Amino acid sequence: MATFNEMYDGETVRPAYEALNRWVNSTPPELLAQKKEEAEALFRRIGITFAVYGEGGDTERLIPFDMMPRVFTEAEWRKLERGVKQRARALNAFLYDVYHRGEIIRAGIIPADLVYHNEAYEPAVVGIDPPRNVYSHIVGIDLVRTGPGDFFVLEDNCRTPSGVSYMLENREIMMRMFPDLFKSMRIAPVDDYPNRLRRTLASVAPMKCDGTPVSVLLSPGSFNSAYYEHSFLADQMGIEIVEGQDLFVQGDFVYMRTTEGPQKVDVIYRRIDDSFLDPLCFRPDSMLGVPGLMNVYRSGGVAIASAPGAGVADDKAVYIYVPEMIRFYLGEEPVLNNVQTYKCGEPEDRKYVLENLKDLVVKEVHGSGGYGMLVGPRSTKEEIEAYAERIKADPSDFIAQPTLALSTCPTFVDEGIAPRHVDLRPYCLVGQEVHLCPGGLTRVAMTEGSLVVNSSQGGGVKDTWVLAD
Amino acid sequence: MLSRTAENLFWIGRYMERAETMARLLEVGYRMAMMPSTGTGYRNEWESLVIAAGSQPGFVEKYGKVARQRDVESWLFYDRDNGSSIMSCFESARQNGRAVRTALTTEMWDALNGAYLELKAIERRPRSQAQLPELCDWTKRQGALFRGSLEGTHLQNDGYDFLSVGSYLERGDNTARLLDVKYYVLLPTTDMVGGGVDTYQWTTLLRALSAFRSFHWTYGSEYNPRKIAHFLILNIACPRSLLHCQDRVGRHLERLSKAYGHSNKAHARVQTLLGELGAAEIDTVVEEGLHEFLERFINQSAALGQDVADGYLFGVN
């Protein structure tokens, strides 16, 4: 498989990277090394760390930040933008449909079982009309690139896609360290994201809200791995960051406890899972949620973003049908392709997967963050055999995809600048309007040849630039 | 402001102040231990530190009844089992800070986070390279850095008041405890009052409270336990005196009641306390018994803390 190098076409530098290339060539390596250290010190000092689950000791780890940005031309981005927005619209239409008439199931396009028996499907929200009929207000689409115009969607994140604080902080640090580059190149700004997110949240305030909507960010608390991001976003938006214990239900509304007494809350941007939202409705043992919240939600006293039940749209088994959703709800052809996906629950697919494990990537349907996946070409015989047993034990829990030749970007490593595999997560906001932030989170596998870019597996991040024409 | 945020700010104030007091306590112990004739009473000065720090049961459970310098140092500086050790205080202050990261200025967060990161590095150093005086100085410096960034950068709003109420409540309580150490060390040797050792102990206390020179400015060069007690309890000009601290608590509570347009139990109690302290004479205090007086103060201060929590921090008013 030939790997697409985003910077070089053979010996020639691609147009997106021309200016960057001139800059690298004219900057002494010592200066670059020094800048790298500065960047790391900045990150540590600001306190951007990322807790890694399942490890003892230092639970606050720094995600490696790579100074070489990833660059898109405006034309490349325009196509991506069209594709991502299209997908975000279709996913929301799908969510409305499956909690109402279920037309797509009646039409025989998606099996009923897959939706209604899905763990992420919430019977508790059937028939509820969320404001503007939006369920997923922030859609993070994970993309990989294999050629100049070839982008594939790896997965959709409709619940609470994380990582946007890295997009913003990476840019902040790059601008602080390389002001000249920003002066000489025209790079689309990303720093209005928090403002747009705030407006998106306000635009989905419930009917019962009269006056300026009060939005809050509901976080599981400071021990959560993404807490930095929660507090960063709340700060940038100028809204309160609350925990379950700060909120309570009284009558038809949700209030937060303040030093001046109770204050009504209209929109909750939640960063906790459905099952923890309301112990009276979901997990009775949840300490993170707010008892009675779902009743208020049902009666239109509060909006929740993303809406409870949105998870059914980003299930890895539902993913397979997204191109069909686009055709069904929007009457359009999908701009972005899916990766060929095998459902281990189906006998034929399972047979193929088990016979070709060494060439495939296998994922748990409900897993996330790169935990518990198998990368066939990078695994030992023993690992593959052990994984095969897991698949046989519970086949419908797994899907498999061919290993894609992920594109590479120049990256600072110990030996200098070398190509490393990358993916991309842009962030799409859905409220009164649909907006894609021109940039995103580029994750990079820091180890040579590695295709696993997850931060929990040692992946790094890069700033992502969209050039203005 | 969210009640939880106010609570976190209140505790940042308390923990930062407490860490500093632990350093000052250790300094008192270190200096007193260098005096030849102490340590012969039935209570040695290291034990008195643990008592004054309010953590004797935990200490005895972990290290036994005999308080050795090294153990006390570990207990008050490094030990995470001791919720009031410098380690625990800085960790808790930072944890509280992290929870309200957005209610702090960058400088304040830097001070909290920086102290924590440096402490982690100190912890990794061999103990032989970590001398007590140096550690105490370092701790006091972190406190100064934090206070400086609070005063210099934080918006003087309700958050500032909650943090300050925490700081001053804690500081008053801590001065009372430090004075109490002196009481415990003195206990077996009351006949030596006014003697060389006694004077040395009193001046050590002044030094540990960074009040040695200011005492001179205020009272001239003659040491006398009554004057020192007056200075640390009733002199409102001394920034660590009980009266000064209560006065500050009162002022910040006053600002809160103005901003919010209503007052609560805490306001009434602090006024009563201030009235009593303001009217007190040092002779009555000494007659009543310094220890009893300090104990009462510490209890009242704790009750005031509870009033503040009831009034604001639980958010159910």
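**Exercise 1. Work out how far apart the centres of the two domains of chain A lie, and how the domains touch, in this predicted model.**

Solution. Begin with the bounds: the domain assignment gives domain 1 of chain A as 8-335 + 405-466 and domain 2 as 340-402. The C-alpha centres of domain 1 and domain 2 of chain A are 26 Å apart. Next, take the contact itself: domain 1 of chain A puts in 11 residues and domain 2 of chain A puts in 10. Finally, sort the domain 1 side that touches domain 2 of chain A: five residues are nonpolar, three polar and three charged.

**Exercise 2. Which word, parallel, antiparallel, perpendicular or oblique, describes H3(A) and H12(A)?**

Solution. Two packed helices are described by the angle between their axes and the distance between the axes. Helix H3 (residues 74-98) and helix H12 (residues 322-330) of chain A have axes 9 Å apart, at an angle of about 80°. Angles of 65 to 115 degrees count as roughly perpendicular, and H3(A) and H12(A) are therefore roughly perpendicular to each other. From H3(A), the contact uses A:Gln86, A:Arg87, A:Arg89, A:Ala90, A:Leu91, A:Ala93 and A:Phe94. H12(A) answers with A:Val322, A:Met325, A:Ile326, A:Tyr329 and A:Leu330. By class, the residues of this contact of H3(A) with H12(A) are nine nonpolar, one polar and two charged.

**Exercise 3. Describe the contact between chains A and B.**

Solution. Count the residues: chain A gives 18 and chain B gives 19. Then place the chain B side: helix H1 (3-33), helix H5 (86-99) and helix H6 (106-124) of chain B each supply at least two of its residues. Sorting that side of chain B gives eight nonpolar, six polar and five charged residues.

**Exercise 4. Locate two backbone features of chain A, at A:Ser306 and A:Asn133.**

Solution. Most residues other than glycine have a negative phi, and most peptide bonds are trans. The bond joining A:Ala305 and A:Ser306 is cis, with omega about -10°. A:Ser306 lies in the loop between strand E14 (303-305) and H12 of chain A. A:Asn133 has a positive phi, near 55°. The loop that holds A:Asn133 runs between helix H5 (112-116) and strand E6 (138-147) of chain A.

**Exercise 5. Where is confidence lowest among the elements of each chain?**

Solution. Start with chain A, whose mean pLDDT is 89, with 94% of its residues at 70 or more. Chain B has a mean of 86, and 91% of its residues reach 70 or more. In chain B the lowest element is helix H9 (residues 196-208), at a mean of 73, and the highest is helix H12 (residues 242-260), at 96. Below 50 in chain B are residues 38-42, and residues 187-192 stay under 50 as well. For the whole model, ipTM is 0.77 and pTM 0.82.

Conventions: Residues numbered from 1 in each chain as written. Chains lettered and ligands numbered in written order. Predicted model: local features only at pLDDT ≥ 70, side-chain atom pairs only at ≥ 80, totals over all residues. Contact = placed C-beta atoms within 7 Å. Helix = DSSP H or I, 4+ residues; strand = E, 2+ residues; numbered from the N terminus. Nonpolar A, V, L, I, M, F, W, Y, C, P; charged D, E, K, R; others polar. Domains from an automatic or database assignment. pLDDT = per-residue confidence, 0-100. Axes fitted to C-alpha atoms, helices over the stretch in contact; angles between N-to-C directions. Parallel < 35°, antiparallel > 145°, perpendicular 65-115°, else oblique.
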